[in-house]
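Welcome, and thank you for taking a look at this protein with us. Below is a short tour of its inner spaces and of some contacts between its side chains.

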Amino acid sequence: MTPTATPLTLPRKLGYSIGNFGLNIYWQSITYFLLFFYTDIVGLSAATAGAIYMAASIFDAVIDPIAGALMDRTRTRWGRYRPWIAVGAAPLALSFMLLYLSPDLEGKVLVVAVTASHLLFRVCYTTVAVPFSSLTARLSHDQAVRTQLTALNVLFASAAGPVVALCTQPLVAMAGGASNNGFFWTAVLGGIVATATFILVAAVTREPDDEAADLQRDHLPKSLGSFVSIARNRAFMLLIGGLLFATLNTTVISKSMIYYFKYVVGNEAESRAALTFATSAAFILVPAWAWVARRLGKRLLWICATLASLSGVAFMALAQPTASISATAAFAVMQTGTVGIAVAYWSMLPDTVEYGEWTTGIRHESFLFGVFMFVQKIGLGLAAGLFGFLLSMVGYDPQSASGGGLGSALPAMIALLCGVSLAGSGLCAFLSPLRQGAHERITAELAERKNNPALQGGG
């Protein structure tokens, strides 16, 4: 029987999806600015900064499935996930502020302090991000509604991008400058705004009172068998494979942009305009990519988006632009495909819940989302570590006008890393069993099984 829920009116959809704006105030900030903050403000070496980012991401990844398992066990009168979002909002804001507080320390003590603040932020982020993402699978089983929710989520996430890109540097300057805790006071404002969005999510969202919640008590992830059942979920395994490659691509684009404009173009300030332009384009791109998903299916959307991003990579490799306009254009085209890939994998993720139930007879929601976020953050950590390592390999020196050779090496580095990662991501999408119409057939068969116990079992 399909779970019953409060009707998802447009205000409720918007009230839920705005939480992704709050999450991405945090996420876009650490994506675009934290590595730069570590190297150019705190004074860490590029290799050390990348290693801290990688270690924190891997730690974050490890705790995601644990958080998902814990949330699958949560039973309250307000639902499984809403209490976590409401209670976790304030600690997350405080940890974000601490993340951008440059300590007056040196040597190993500085590294320990920076690492500890980063780990604390990751714990707090998990307690909000995992339940928020898991809600998508519970709010509706309808394909059209899920695609709409995903599009709104990506749209709000994309809205946070230009806000962070456009406002961070001016706010830092207004707050006294980067060397005078300007990043910290900017983080204070960001934390306040993000907290307000999470309170709104908890207030307007209603989780279904479904019989499946009781049935799932027998299928909570208590043993290795839960991981085995997920490993048998071919759609999910290919999805996370594609995600790993896509994450490398996204990380390289986002972390390289400010360095590119500072050391290749020769004007760091213009990176703000490029970041804003690239992320603002999502307001047009998300509805367009969602339309492609409805017409061609999510799998073909992923493939089309991969090809679009590869065209930007080819331009970067061949032209190696040094002018602001051409560099902005290259990053914007790469970002175009990145947005489409994000729409594809976030909208396909809830579908893998039913695919896994159809294949194994076991339904995982929050645990599966936790594993997905585990893989995503492993990818982010490895990509950040790799990027920091490569910066050191080319002799990156923030005191040099050319970055110690970074200016000449960066275009080729971006093109190679993004080209390989996009090819791998597209291949995983091509092999996915979730072709157009597959999910509808699976949900119909699952409904038939529930009405006819004799048919129950894996697909």
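Ser229, Ile230, Asn233, Thr352, Val353, Gly356, Thr360, Ile362, His364 and Leu368 line the second largest cavity of this predicted model. The volume of this cavity is about 50 Å³. Which helix gives the largest share of its lining? That is H14, with four residues. At least two lining residues come from each of helix H9 (224-231) and H14. Sorted by class, the lining of this second largest cavity has six polar residues, four nonpolar ones and no charged ones.

**The largest cavity**

Rolling a probe the size of a water molecule over the atoms shows where empty space is left. In this structure there are five cavities of 30 Å³ or more. The largest of them holds about 790 Å³ of space. Its lining is made up of 38 residues, and those closest to the centre of the cavity are Asn24, Ala157, Ala342, Tyr345 and Trp346. By class, the lining of the largest cavity has 19 nonpolar and 18 polar residues, along with one charged residue.

**Salt bridges**

How many salt bridges does the structure have? The count comes to three.

| Residue | Partner | Closest N and O atoms |
|---|---|---|
| Asp40 | Lys262 | 3.0 Å |
| Arg122 | Asp60 | 3.2 Å |
| Lys298 | Asp351 | 2.7 Å |

Let us take the pairs in turn. Asp40 and Lys262 form a salt bridge. Asp40 sits in helix H2 and Lys262 in helix H10, so this pair ties together parts that are 222 residues apart in sequence. With a relative accessible area of 22%, Asp40 is partly exposed.

Next come Arg122 and Asp60, whose closest N and O atoms are 3.2 Å apart. Because Arg122 belongs to helix H5 and Asp60 to helix H3 (residues 46-72), the pair ties together parts that are 62 residues apart in sequence. Are these two residues buried or exposed? Arg122 counts as buried, at 0% relative accessibility, and Asp60 is buried too, with a relative accessible area of 0%.

That leaves Lys298 and Asp351, which form a salt bridge with a closest N and O distance of 2.7 Å. Lys298 lies in helix H13 and Asp351 in helix H14, and the pair links distant parts of the chain, 53 residues apart. Both Lys298 and Asp351 are buried.

**A stop at Thr306**

Our last stop is Thr306, which is found in helix H13 (residues 298-319). Buried residues have under 20% relative accessible area, and the value for Thr306 is 4%, so Thr306 is buried. What lies 2.8 Å from a polar atom of the side chain of Thr306? The answer is the backbone oxygen of Trp302. Leaving aside residues up to four places away in sequence, Thr306 touches Ile341, Leu422, Ser425 and Gly426.

Methods: Residues are numbered from 1 along each chain as its sequence is written. This is a predicted model: local features need pLDDT of at least 70, side-chain atom pairs count only at pLDDT 80 or more; totals for chains, interfaces and linings use all residues. Side-chain values use heavy atoms; hydrogens and water are left out. On a 1 Å grid over the protein atoms alone, a cavity is a set of points where a 1.4 Å probe fits but cannot get out, and a pocket is an open set with protein on both sides within 12 Å along at least five of seven lines; lining residues have an atom within 4 Å of a point. Grid points are joined across faces, edges and corners, and a volume is the space filled by probe spheres set on the points. Ala, Val, Leu, Ile, Met, Phe, Trp, Tyr, Cys and Pro count as nonpolar, Asp, Glu, Lys and Arg as charged, and the others, Gly among them, as polar. Buried means under 20% relative accessible area, exposed over 50%, partly exposed in between (1.4 Å probe, protein chains only). A polar contact is a pair of N or O atoms within 3.5 Å; within protein, one must be able to donate a hydrogen and the other to accept it, and residues adjacent in sequence count only if both atoms are side-chain atoms. Contact means heavy atoms within 4.5 Å. A salt bridge is a side-chain nitrogen of Lys or Arg within 4 Å of a carboxyl oxygen of Asp or Glu.
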